[in-house]
Amino acid sequence: MKKNIGLVIVILVIGYNIYDYFKVKNDSLSTDIENCTNKFMATNPNIDKNIAEKYCKCAIENIGEKYKNSTISTEKILENEQSRMQDCFDYAKKAKQ
């Protein structure tokens, strides 16, 4: 009986930690997308907000994870991933239509 109670407590603690990790990660992703959208629209005022949001979500999900712990300069990342970023922009424009 004591083993079962201990096992239930361990499962609950691990489950909560996993839930907390994904909640924090999701909140961070939302903040990153919002910041990216604001910056993108500031430099491209003629772009619709929905397109900017879709572009930023695509770019962050596809490129952000790859470079999140990288020491490569922003300019080098932009140079390396220019075609992927263009694909994200094309995807965002098509999704709007």
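Which side chain does a polar contact of 3.1 Å join to that of asparagine 44? In this predicted model, the partner is threonine 43, and the contact runs between the two side chains. Asparagine 44 itself sits in the loop between α1 (2–43) and α2 (49–67), where asparagine 44 is partly exposed, with a relative accessible area of 25%.

A second topic is the aromatic side chains. A search of the whole structure finds three aromatic pairs. Among them is the tilted pair of phenylalanine 40 and phenylalanine 89, with 6.1 Å from centre to centre and 50 degrees between the planes. Because phenylalanine 40 lies in helix α1 and phenylalanine 89 in helix α4 (residues 82–96), this pair ties together parts that are 49 residues apart in sequence. Phenylalanine 40 counts as buried at 15% relative accessibility, and phenylalanine 89 counts as buried at 17%.

Phenylalanine 89 also pairs with tyrosine 55: the ring centres are 6.1 Å apart and the planes stand at 80 degrees, so the pair is edge-to-face. Since tyrosine 55 belongs to helix α2 and phenylalanine 89 to helix α4, the pair ties together parts that are 34 residues apart in sequence. Tyrosine 55, like phenylalanine 89, is buried.

The two pairs described above are set out here.

| Pair | Centre to centre | Angle between planes |
|---|---|---|
| Phenylalanine 40 and phenylalanine 89 | 6.1 Å | 50 degrees, tilted |
| Tyrosine 55 and phenylalanine 89 | 6.1 Å | 80 degrees, edge-to-face |

Through such ring pairs, Phe40, Tyr55 and Phe89 are linked into a cluster.

Note on methods:
Residues are numbered from 1 along each chain as its sequence is written. This is a predicted model: local features need pLDDT of at least 70, side-chain atom pairs count only at pLDDT 80 or more; totals for chains, interfaces and linings use all residues. Side-chain values use heavy atoms; hydrogens and water are left out. Helices (H or I, at least four residues) and strands (E, at least two) are DSSP runs, numbered from the N terminus. Buried means under 20% relative accessible area, exposed over 50%, partly exposed in between (1.4 Å probe, protein chains only). A polar contact is a pair of N or O atoms within 3.5 Å; within protein, one must be able to donate a hydrogen and the other to accept it, and residues adjacent in sequence count only if both atoms are side-chain atoms. Rings of Phe, Tyr and Trp (its six-membered ring) pair if their centres lie within 6.5 Å; planes under 30 degrees apart count as stacked, over 60 as edge-to-face and the rest as tilted.
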